[in-house]
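Here are my notes on the model you sent. Keep the structure open while you read, and take the points in order.

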Amino acid sequence: MLEIADIRKAFNGRTVIASASLSLEAGEVLCLTGPSGVGKTTLLEIIAGILRPDGGRIKKSAPVALMFQDNALIPWLTAEETVDYILPDSVPRGERRERVTFWLDRFGLEGGIHPAAMSGGMRRRLSLARTFAARRPLILLDEPFAFLDAAWCGVVCEEIAAHAGSGCGIILAAHTTEALNAREFSRVACRTLIIRSSPVSIDPVIFE
Amino acid sequence: MTALFRAVAPYLASALIFAGAAHLAGAFLGPELAPPPGAVLAALLEITVSGELFRELGATVARALAGLLLANAAGVALGLAAGFIPGALRLVSPLAAALQSCPPVVWISLVMVWAGTGTVVPVSAVFAATLPLLFSATAQSVMGLDRRILAMSRLYGVPKARVLCRFVLPGIFPHWSAAFSTALATGWKAAAVAEFIGSRQGIGAKIFWSYHKLDMEGLYAWALTLTVLGVILECGLIMPLRRKAASLAVRGAEDA
């Protein structure tokens with residue numbers, strides 16, 4: 001589903017990713033973990049196509065959905081409009097409404113609220129709702145558990161496991177691997193790559 | 001009653017100061033050069049009853065609006081293009097600044113040379129006076145849009161029309177509306193000056209002809225019309241637009 005080889009990235013002469021190579025199969029969950037600033041977000045954004053790598057090779061066989069670390073929510077759109085915004089024109093009106101309502105309900109959100117009126121956790125849940133509503137086979141989640149309490153972390157784990165179970169490939173970046181110990185992941189192929197220091201150098205498998 | 005008085009008091013005070021100044025001017029200059037307010041109001045009543053006021057007013061408003069709407073369409077379209085093309089704004093900003101600092105009289109003279117007198121002069125003057133302002137405001141506000149949202153829109157393949165309608169246009173609205181309110185005030189004045197110099201119709205032209213014939217009551221009546229309409233425009237449209245722009249800018253900052 002995804003294969004990256006020898007990806008390199010520097011910002012203003014400062015190397016952020018020295019060399020990163022990894023692969024992901026359909027139905028697999030890969031957790032990139034490590035301290036802040038080691039290049040997890042940069043790597044996800046390179047995979048998503050938002051950042052251009054300085055070198056290396058990326059092979060994707062499926063379209064990508066990305067949950068941004070900073071949520072990337074449009075301030076003047078309501079929760080309902082935020083999810084609807086990314087749905088393709090080809091989705092019929094009735095189905096759009098159903099899909100929007102389903103994902104907002106799933107993450108406990110009301111449709112008419114603007115991001116300014118939401119807590120950090122609600123914004124994160126809205127960002128997750130938008131990502132899952134996109135129905136893309138390759139899902140990248142940047143700090144999906146940040147700002148969430150244990151109950152909502154459980155819901156996110158359920159969704160990750162359910163999507164992996166239905167054949168999606170998922171990469172998530174997180175500070176800790178705690179959430180991956182959740183029982184929801186017991187039936188899912190799950191790997192953890194620990195990025196120890198910057199500049200990032202990810203070998204195919206570092207830690208399981 | 002108190003609230004009504006508070007709302008009306010500034011206008012009453014201004015009108016009283018204005019009437020007092022007119023009386024003083026009359027005392028110093030004589031009624032031939034500074035006619036008393038009563039004579040000016042009589043002249044105003046005469047042009048109102050004859051229908052001349054509305055005819056000339058209609059011409060001036062239509063020209064100012066035409067110039068402003070054309071400048072707005074061109075300014076927003078060019079501003080969007082310059083804001084999205086990397087380096088484009090930096091490249092044309094000296095030209096925009098030069099055009100912005102160019103007084104309307106330059107454009108009026110040029111248009112009179114190119115196209116003669118008539119409607120084209122005030123419309124072109126308003127267009128030239130307001131285009132750089134609307135262009136710069138649009139381009140700069142596009143540059144200030146959150147690039148992450150644009151990246152997110154590209155990632156999900158959001159249609160360009162939807163990005164424009166739901167993200168770009170609402171995002172530039174606070175800056176655009178502030179610029180548009182300034183353009184309204186500038187355009188109104190530019191239209192009157194252009195009519196004064198290069199047109200036979202409109203309030204500006206009527207001021208010119210009253211001056212030319214030394215019809216001082218008429219001159220003051222037309223000038224008063226222009227001033228009152230400017231105040232109505234300022235209080236009824238420009239100030240609410242600026243307030244709206246300011247509140248949206250604050251909301252945007254809080255959301256960010």
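1. Helix 4 of chain B passes helix 6 of chain B in a left-handed crossing. Left-handed means that the near helix is turned anticlockwise from the far one by less than a right angle; clockwise would be right-handed. Helices here are DSSP runs (H or I, at least four residues), strands are runs of E (at least two), and both are numbered from the N terminus. This is a predicted model, in which local features need pLDDT of at least 70, side-chain atom pairs count only at pLDDT 80 or more, and totals for chains, interfaces and linings use all residues. Residues are numbered from 1 along each chain as its sequence is written, while chains are lettered from A and ligands numbered from 1 in the order in which they are written.

2. How do you describe such a pair? Two packed helices are described by the angle between their axes and the distance between the axes. The axes of helix 4 (residues 88-101) and helix 6 (residues 120-143) of chain B come within 9 Å and cross at roughly 150°. Therefore helix 4 of chain B is roughly antiparallel to helix 6 of chain B. Axes are lines fitted to C-alpha atoms, for helices over the stretch in contact, and angles run from 0 to 180 degrees between N-to-C directions. Under 35 degrees counts as roughly parallel, over 145 as roughly antiparallel, 65 to 115 as roughly perpendicular, and the rest as oblique.

3. Which residues of helix 4 of chain B meet helix 6 of chain B? They are Leu89(B), Ala96(B), Leu99(B) and Gln100(B). Their partners in helix 6 of chain B include Pro132(B), Phe135(B) and Met143(B). Contact means that the C-beta atoms, placed from the backbone, lie within 7 Å. By class, this contact has eight nonpolar, two polar and no charged residues. Nonpolar covers Ala, Val, Leu, Ile, Met, Phe, Trp, Tyr, Cys and Pro; charged covers Asp, Glu, Lys and Arg; the others, Gly among them, are polar.

4. Now take helix 3 (residues 52-84) and helix 8 (residues 160-198) of chain B. Their axes come within 9 Å and cross at roughly 130°. So helix 3 of chain B is oblique to helix 8 of chain B. This crossing is right-handed. Among the residues in contact are Gly67(B) of helix 3 and Gly187(B) of helix 8. The contact divides into nine nonpolar, four polar and two charged residues.

5. Helix 3 of chain B also packs on helix 9 (residues 203-212) of chain B, at about 125° with the axes 8 Å apart. That pair is therefore oblique. Glu56(B), Leu57(B) and Thr60(B) of helix 3 touch Ile203(B), Gly204(B) and Lys206(B) of helix 9. Here the classes are two nonpolar, two polar and two charged.

6. Chain B comes to 10 helices and zero strands. Its C-alpha trace spans about 75 × 55 × 30 Å along its principal axes.

7. Across the chains, 19 residues of chain A are in contact with 17 residues of chain B. The chain A side has 16 nonpolar, one polar and two charged residues.

8. How far does the predictor trust chain B? The mean pLDDT (the predictor's confidence in each residue, from 0 to 100) is 86 for chain B, and 96% of its residues reach 70 or more. The complex gets an ipTM of 0.88 and a pTM of 0.79.

Conventions. Two residues are in contact if their C-beta atoms, placed from the backbone, lie within 7 Å.
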